[in-house]
Amino acid sequence: MPEQTRNNFVLDDNIIMLFEGNLKRIFAMKITRSTYRELQNVVLNCANQNKEIANFLFETLLTGQIKMKLNEKHHEILEEVIKHFTIPARLSKEVYEKGEFINIITSDLITQENQVAFLNRLRRIDGDEMVFMSDPVNTLNLFQHFAGRIFELENNPKGKEELAKYKKELSALADRLKKLSQ
């Protein structure tokens, strides 16, 4: 049974082995919005519902730092856990919190005979990807839509604060639009 001593934990082999084994199982699958919750549940169950031990294991996993003195064997195992699972654990948290947010947008210009179009790819933080084509008219429609959404921020107190952070980017965009309209 795990014991807490002054400023360090003595963990039993079962907790460490369950922790490492469950992480292997969790991260053998695709990271989804439920992965982070599953991770939280596994950590608590591995720690036999002991919140102090669970917090220690979870913090170790997410920060990548072992902040308490452990025996050499457990320290080595946790170092391996950190090496293999800290980045996926952080990613699972990001997917849980912001999975639907756009991670990257790319577009390729495609020309065929007298037609021009864009092949657009949007990938969300959770890895879902959407591919669509747009011609210049539809691309301008998308731009007008999003420009309208940006203008809505001006009418919202929190939005206005957020928009103020991007004056430099908005100015650069305005300069580019001026060049296009000349």
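The following legends describe views of a predicted model.

**Figure 1. Overall fold of the chain, with seven helices and five strands.** Along the sequence, the elements occur in the pattern β-β-α-α-α-α-β-β-β-α-α-α. The radius of gyration is 24 Å, well over the 16 Å that the globule rule gives for 182 residues, so the chain is more spread out than a compact globule. Along the principal axes, the C-alpha atoms occupy a box of roughly 75 × 40 × 25 Å. Of the 182 residues, 26% are buried. Among contacts with a separation of 6 or more, 45% join residues 24 or more positions apart.

**Figure 2. Packing of helix α3 against helix α4.** Helix α3 spans residues 51–63 and helix α4 spans residues 72–98. Their axes lie 6 Å apart and form an angle of about 80 degrees; the two helices are therefore roughly perpendicular to each other.

**Figure 3. Residues at the contact of α3 with α4.** Helix α3 contributes F56, L57, T60, L61, L62 and T63. From helix α4, the residues are L78, V81, I82, F85, T86, A89, R90 and K93. Sorted by class, this contact comprises nine nonpolar, three polar and two charged residues.

Figure 4. Leaving aside residues up to four places away in sequence, T86 touches T60, L61, L62, G64 and V81. T60, L61 and L62 also belong to the α3 side of the contact with α4.

Key
Residues are numbered from 1 along each chain as its sequence is written. This is a predicted model: local features need pLDDT of at least 70, side-chain atom pairs count only at pLDDT 80 or more; totals for chains, interfaces and linings use all residues. Side-chain values use heavy atoms; hydrogens and water are left out. Axes are lines fitted to C-alpha atoms, for helices over the stretch in contact, and angles run from 0 to 180 degrees between N-to-C directions. Helices (H or I, at least four residues) and strands (E, at least two) are DSSP runs, numbered from the N terminus. Angles under 35 degrees count as roughly parallel, over 145 as roughly antiparallel, 65 to 115 as roughly perpendicular and the rest as oblique. Contact means heavy atoms within 4.5 Å. Ala, Val, Leu, Ile, Met, Phe, Trp, Tyr, Cys and Pro count as nonpolar, Asp, Glu, Lys and Arg as charged, and the others, Gly among them, as polar. The radius of gyration is taken over C-alpha atoms; the globule rule is 2.2 Å times the number of residues to the power 0.38. Buried means under 20% relative accessible area, exposed over 50%, partly exposed in between (1.4 Å probe, protein chains only).
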